[in-house]
Amino acid sequence: MRALVVDHGEAGPVRFADVEEPVPSAGEALVEVRHISLNFGELNYVRQWPDGAVHGHDASGVVVRAASDGSGPPEGTRVAVGMAPHAWAERVAVSPASLGTVPEGVDLADAAALGIAGVTALRVLRTRSLLARDVLITGASGGVGHFAIQLAALAGARVTALVGAPERATGLRELGADRVLTDVAGAGDRFDLVLDTVGGPLVAQAWSSLAEGGTLHLVGYSSGQDTTFPSGALFGFGEPRSIATYGDMTPTGGELTDLLGLMAAGRLSAPVGLRGGWEGVGEAVQALFARKAHGKIVLDVA
């Protein structure tokens with residue numbers, strides 16, 4: 001079968017290759033993949049995976065063989081695959097714990113966009129009550145940002161979206177952002193929760209805007225820059241503030257089910273900023289790295 005595999009050469013980060021068919025264990029379903037979704041981290045830091053390995057974690061498709069131990073969805077079920085290894089192939093063997101059943105009315109392409117971005121946003125925002133709280137989301141025009149804006153607004157938060165340039169603010173108010181800024185210094189408020197996908201100097205700036213008892217969640221470092229805190233910046237009186245890292249790779253089935261339910265109810269939309277066939281993966285990767293795609297990139301598997 002055809003798959004996108006890790007390429008450590010100059011032509012990378014991925015290339016097409018013919019690979020062996022997956023052989024599911026008793027506790028795995030075989031999914032025929034219809035759509036895949038790209039993520040910045042898995043492509044920008046591709047050397048964390050072995051050269052030639054089938055790459056990718058997020059996809060959607062149809063179960064063509066149910067798990068032989070009786071767990072998981074039956075044959076013919078439409079499913080979303082989230083944070084599962086080796087997903088960018090024509091077929092993938094997946095534990096049911098990493099699958100979410102796609103309800104009627106939800107497009108499979110939209111379901112593919114959930115995965116890492118949607119689950120990350122949901123898990124971070126569930127760490128505390130957001131009702132009438134002030135939330136700052138950095139890198140808000142990206143996939144995590146688009147989902148986080150909607151979910152925070154649904155939870156009753158006052159949402160401030162931070163983007164790198166004015167042209168990247170398009171559509172964010174419609175998703176639920178109360179304010180869209182290009183400079184955190186102009187916010188003026190203190191935030192109870194910050195979800196940061198950018199890293200670098202922005203982390204120190206966001207820290208200075210954190211309210212007593214607030215938490216700064218680090219879920220990405222797309223800037224690739226170091227963070228330096230001014231002398232004394234990490235000292236303070238009052239209720240302690242905290243910085244939390246993120247690297248939760250536990251099974252995503254529960255969160256995918258919740259997110260797909262919100263989609264089916266019309267309360268959550270998929271931030272698909274670029275759609276095309278997977279033959280165009282090279283151009284899609286370039287668009288991702290150049291920040292030309294607002295939201296997620298979803299590619300159709302022929």
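In this predicted model, the largest pocket holds about 1,300 Å³ of space. Its lining is made up of 48 residues, and those closest to the pocket centre are Phe-40, Gly-41, Thr-197, Gly-220 and Ser-222. Five elements contribute two or more residues each to the lining of the largest pocket: α1 (40-44), α3 (115-125), α4 (143-154), α6 and α8 (281-289). By residue class, the lining of the largest pocket consists of 21 nonpolar, 20 polar and seven charged residues.

The model also contains an open sheet of six strands, arranged in the order β10-β9-β8-β11-β12-β13, with parallel pairing. The edges of this sheet are formed by β10 (179-181) and β13 (242-245), each of which pairs on one side only. On average, neighbouring strands of the sheet are turned by 20 degrees against each other, direction ignored.

At the β10 edge, the partner strand is β9 (residues 158-162), and the two pair in the parallel sense over three bridges. Within this pairing, Thr-160 lies opposite Arg-179 of β10.

Helix α6 (residues 201-208) packs on the sheet, where it touches β8 (134-138), β9, β11 (191-196), β12 (210-218) and β13. The direction of helix α6 makes about 155 degrees with that of β12.

Note on methods: Residues numbered from 1 in each chain as written. Predicted model: local features only at pLDDT ≥ 70, side-chain atom pairs only at ≥ 80, totals over all residues. Heavy atoms only, no water. Pairing = 2+ DSSP bridges. Helix = DSSP H or I, 4+ residues; strand = E, 2+ residues; numbered from the N terminus. Axes fitted to C-alpha atoms, helices over the stretch in contact; angles between N-to-C directions. Contact = heavy atoms within 4.5 Å. 1 Å grid on protein atoms, 1.4 Å probe; cavity = no way out; pocket = protein on both sides within 12 Å on 5 of 7 lines; lining within 4 Å. Points joined across faces, edges and corners; volume = space filled by probe spheres on them. Nonpolar A, V, L, I, M, F, W, Y, C, P; charged D, E, K, R; others polar.
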